[in-house]
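Reader: Hey, can we go through this one together? I'd like to start with the backbone and then get to the rings.

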Amino acid sequence: MKELFVKTKQQRYWLERLASIAEPIKAEAREVDEQSRFPFEAHKLLQQIDYPKLTLPKEYGGEGLTVYDMVLIQETLASYDENTSLSLGWTLGVIGELYEKKLWAEALLQAFAQEVKAGAIVNRAASEAATGSPTRGGRPGTNAVSTTEGWLLNGRKIFTTASPVLDYFLTSAWVEEKGQVGFFLIHKDVSGLSIEENWEMSAMRGTSSHDLVLQDVVVPHKYLVELPNHPSGGKINGWLLHIPATYLGIAQAARDYALHFANHHQPNSLNAPISTLPNVQQLLGEIELKLQQARFVIYGVAEAYDDLARRDRLTNEIAVAKHTVTNIAIDIVDKAMRVVGAKSLQLSNPLQRYYRNVRAGLHNPPMDDMTIIKLATSAIEQQKNSEKQ
């Protein structure tokens with residue numbers, strides 16, 4: 001089914017490169033979940049194939065993958081290990097957005113490209129306990145004060161995904177003298193920066209999304225790199241599709257396990273495997289249907305975003321893709337577990353891991369309630385505007 005969405009030689013090349021390291025990544029996934037630790041071996045393997053520079057544009061020395069390409073690659077990686085996919089997906093998405101939208105000064109983009117080509121990992125650090133997701137508009141408690149040495153930052157960030165391997169933290173803070181939120185590029189080795197290893201979750205345990213603690217951290221003035229003039233989440237950002245791509249990959253892995261189980265499990269009360277039973281075929285057929293629905297949504301939106309002639313017409317489609325794919329993925333895992341039965345709850349069975357991890361997608365931005373409300377308000381405004389014409 002997925003073959004339908006492979007369109008270029010470059011995509012095929014990277015799918016084959018991923019396939020060449022699939023087995024060790026899969027083998028580590030269970031241990032990563034059980035020990036609630038970062039997938040260091042998978043990260044090392046991906047570094048060896050230059051994964052971090054996939055979305056860096058070719059003019060900066062990267063591979064120049066599009067949003068569509070990224071979704072295809074990330075979905076595949078997630079079918080091997082979802083923790084690795086979500087962790088590295090943030091780096092791909094951040095880099096893709098930075099260079100597409102030219103969010104920084106050109107000299108800094110050029111310099112940072114050299115870091116990315118050398119394997120640097122970056123993620124935004126924007127969530128805080130008091131504000132929740134930055135997409136809901138809360139003012140960060142992290143503060144930045146200008147001094148003669150640079151910006152003095154103090155604060156704490158939560159959900160800092162991939163914190164054990166991040167080289168750079170693109171950190172939000174309230175800049176009092178400017179009266180707005182700014183983003184600061186902070187290297188991991190700066191004095192006063194520390195990681196508090198407190199990621200204690202039942203889902204996505206291997207993302208190591210620990211707290212980032214900033215205590216009297218001094219950042220050179222030039223590394224105040226962004227002063228957004230719009231609310232968080234206010235602009236269309238197709239690179240966020242790396243999030244639903246990961247949950248689609250989990251759904252694919254659950255489907256593959258359930259199908260293999262159905263074709264090979266034969267209780268002594270049957271003369272053939274359970275895949276011959278109508279009720280099992282019903283579940284398997286529904287899984288296939290939902291996978292196709294999810295894929296046509298996410299790849300359709302990604303394709304529209306990459307098409308510059310259509311991108312400006314996008315409004316809520318990125319959020320719709322995330323909502324649709326994530327909820328379908330949850331349903332697919334549930335149906336896969338119904339196929340397998342009670343065995344799916346065994347701790348040695350990957351389905352129980354998929355079941356926990358796929359639900360984390362509900363809490364990645366944008367959240368379902370925001371998407372639904374935005375769709376409603378957009379429809380209401382469109383109707384009002386049409387009546388005025």
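Predicted model: local features only at pLDDT ≥ 70, side-chain atom pairs only at ≥ 80, totals over all residues.

Reader: Okay, where is Asp-216 found?

Author: Asp-216 is in strand S7. Its phi is near 55°, a positive value in a residue that isn't glycine.

Reader: And Ser-208, is that one buried or exposed?

Author: Ser-208 is buried, because its relative accessible area is 3%, under the 20% cut-off. Its phi is positive too, near 50°, and Ser-208 sits in the loop between strands S6 and S7.

Reader: What about the peptide bond from Pro-365 to Pro-366, cis or trans?

Author: That bond is cis, with omega near -10°. Pro-366 is in the loop between helix H11 and helix H12.

Reader: New topic: how many aromatic pairs are there?

Author: Ten. Take Tyr-60 and Tyr-99: their ring planes are at 65° and the centres 4.7 Å apart, so this pair is edge-to-face. Tyr-60 is in the loop between H3 and H4 while Tyr-99 is in helix H5, so the pair ties together parts 39 residues apart in sequence.

Reader: Are those two tyrosines, Tyr-60 and Tyr-99, buried or exposed?

Author: Both Tyr-60 and Tyr-99 are buried.

Reader: Which residues do ring pairs link into a cluster?

Author: Phe-5, Tyr-68, Phe-296 and Tyr-299. Lys-7 also lies over the face of Tyr-68, 4.2 Å from the ring centre.

Key
Residues numbered from 1 in each chain as written. Heavy atoms only, no water. Helix = DSSP H or I, 4+ residues; strand = E, 2+ residues; numbered from the N terminus. Buried < 20%, exposed > 50% of the residue type's maximum accessible area, 1.4 Å probe, protein only. Phe/Tyr/Trp six-rings, centres within 6.5 Å; stacked < 30°, edge-to-face > 60°. Lys NZ or Arg CZ within 6 Å of the ring centre and 35° of its normal.
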